[in-house]
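I will go through a few parts of it in turn.

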Amino acid sequence: MQRRTFLASSAASAVLVMFRNQLAFAKDPDWMKNPLLAPFTGPYGGVPPWDKIKTANIKPALLLGMDLHRAELKAIAETKEPATFANTIAAYEDAGRPFGRAANLMGTLAGTMSDKEMQAVETETAPMLAAYGDEVIQNEALFARIKAVWDGRAGAKLEPDQARLLETHYRSFARRGAALGKKEKERVKQINEKLAALYTTFRQNTLADEEAKMIVIDKEADLAGLPDGLKSAAAANGEATKQKGKWVIRNTRSSVDPFLTYSTNRDLRKKVWQMFVGRGEAGKTANQATITQILSLRAERAKLFGFASHAHWIVDDNMAKTPDKALALMMKVWPAAIARVKEEVADMQKLADGEKAGIKIEPFDYRFYAEKVRKAKYDLDQNEVKGYLQLENIREAMFWAAGQLYGLKFTQVKGVPVYHPDMRVYEVTRGGKRVGVWYFDPYARDGKRSGAWMSEYRTQESFKGVLTPIVSNNCNYVKGKAGEPVLISWDDAETLFHEFGHALHGLLSNIRYPTLAGTNTLRDFVEFPSQINEHWLSTPEVLNKFAIHYQTKKPIPKELVEKIQKAKNFNQGFTTVEYLMSAIYDMRIHTAAVGKGIDPSEFEKSIFKEIGAPKEIVMRHRPTQFLHIFADDGYSAGYYSYLWADTLTADAAEAFKEAGSLYDKATAKKFETMILSIGNSIPPDEAFRKFRGRDVDTNALMRDRGFPVAK
Ligand SMILES: [Zn+2]
């Protein structure tokens, strides 16, 4: 759920929202020679030219792309005829395609193939892109024409998607200060440039701690409890960090979480945990002062825009509309979640007492004892499950489920450019017709950011001719030896289905204008299609067919599936509370008065005292490492979105269950037509009402997590 991020976040992302990345019209043959700017060519309606891009070409491409876009905007702004939808809004929608392509290709490579040279390009271009974004928003002549179309909308006889496009563009200008006076505009520009630099500092400090800090283990005895796979990964980390013969626990979640789950050495667990939750907190890489500045600049900017706080400004553009509504949902779930944590801690304490461990459960014990309780209560061993989860089979399972539900077919194709040889390409068809292209980049490597995500290389549209979507899924599995299957955990398999849900959202889009298409939806809606897709992993149809043991070749036994189902809501107290702590912190600190400057660590202490957070759990992302909210504007005042979207998810999943099956064809058809294909062409609450016949029922979420529903 909240573990997965959506889309590579880069300084370019804010700009990307405005400029899409499709066809261009040839005016000047010179820019066509730059592979970052040129329209995609080749099979499947054109594909990204990954084989032709050189890092040295990126900055010139961005600069040239901006110039091209400037010229287009100038032409729109200087049109003599009165402003109309066609000569202003549609023309604006069609502008900036070469620039959009370049920014998109760069963003993808920065997240997947980064090195020193690429980092230097990013550092140099981030403030440049921020400044260009402001230049466009602050173009007075252009905004005057957009506003004229907006003001005359009542008599313009626009079709519904045109009206929505007009509203979206008008709001994106107005919300970001297009109507401000000269002095205020200048200040907004300064703030955005300062923020872009602070975000880079925050990100680099956090990454520096992740890369430089590690726990080195000299004695094999200190690996007690770890499964073999983890031991060899720790040994490989030793070699990779030039400490051959030693074992190394890196300062990343994928290294730390399994160690905390299995290591029987409590002192080491404590050390590893302290290292991980202390990222960005001390020494040269401390982020507190940076956060204080970010908060104060954001608050000042929101005030200039006419909003009470940064959170008010952000949430206004989402389904929740106000911070209070978002907080109300979080605080509805909070009491049930902390009550569940009390039960979980009691179970763990009982087990520890039974072992005569002589300890009181601390945060660094939670994963370890939770795993023991899981085994004791459900007889479910995560490692046993892993034997049945082969990466390639799970990928086939996603394809199969998408075939059952939406009639899609995935066929691997060769000869399409890729940026790394591990990357694979699939053509997606339905009834023999091309739907789009799906790229898969499954393995971890240096220069690729951690986690899993989906990217859109080309958004679907039918505005200037039909363009089919090109999307990718990216993960960080450890590549196995040739011929050996890659085994993944249950959690990883869920993540794969999750990201594939984003991919389906992009692929099944059926919209005229790219700004409104695919995954370009409101932020608290965008995790809905991905979260619901997780539900198909645990269906018996998928497990019996695709969860095949890598050695015995036998399908997963029925008893093991039943255990998985029974254990579904196990540890839900922990999962929900560590997420909610981060989400509540995010919303509260972005509504707080910044007057004398906020100390983010003091704020953390006081807020969790106030709401009675259990002392056995800390925030999933503590303030000084909370990249979602401090490495860009991305999920700031928006970390609640996962929970918001999860209420839609739980309620929609019940629609399938009410129809008798998660594979019910009529419900799937309805879901595709009313949710997956509509992008942001209609307000999402309206879309949900069409699908469900009523507003969302937040109690579905409580049922889904196994929490009691308040009467
Ligand atoms: Zn997601």
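Helix α19, residues 490–507, lies across strands β3, β4, β5 (433–443), β6 and β7 (470–477). The helix runs at about 170 degrees to β7; such angles run from 0 to 180 degrees between N-to-C directions, with axes as lines fitted to C-alpha atoms, for helices over the stretch in contact. Contact means heavy atoms within 4.5 Å. Helices (H or I, at least four residues) and strands (E, at least two) are DSSP runs, numbered from the N terminus.

Everything here comes from a predicted model, where local features need pLDDT of at least 70, side-chain atom pairs count only at pLDDT 80 or more, and totals for chains, interfaces and linings use all residues. Residues are numbered from 1 along each chain as its sequence is written, and side-chain values use heavy atoms, with hydrogens and water left out.

Now the sheet under discussion. In what order do its 5 strands come? The order is β3-β4-β5-β7-β6, in an open sheet with mixed pairing. Two strands pair if DSSP finds at least two bridges between them. At the edges are β3 (409–413) and β6 (453–458), each pairing on one side only. On average, neighbouring strands are turned by 30 degrees against each other, direction ignored. β3 pairs with β4, residues 424–430, in the antiparallel sense over 5 bridges. Within that pair, F410 stands opposite V428 of β4.

Buried means under 20% relative accessible area, exposed over 50%, partly exposed in between, with a 1.4 Å probe and protein chains only. In a regular strand, side chains alternate between the two faces of the sheet. I215 stands opposite I249 in β2.

Next, helix α7, residues 140–151. Which of its residues are buried? They are L142, F143, R145, I146, V149 and W150. They sit on the same side of α7 because they cover an arc of only 160 degrees around the axis, taken from the directions from the helix axis to the C-beta atoms. Their cover includes α3 (58–77), α4 (85–94), α6 (116–137) and α8 (160–175).

Last, E534, in the loop between α20 (528–533) and α21 (540–546). Is E534 buried or exposed? E534 is buried, because its relative accessible area is 12%. Its side chain makes a polar contact with that of H498, at 2.7 Å. A polar contact is a pair of N or O atoms within 3.5 Å; within protein, one must be able to donate a hydrogen and the other to accept it, and residues adjacent in sequence count only if both atoms are side-chain atoms.
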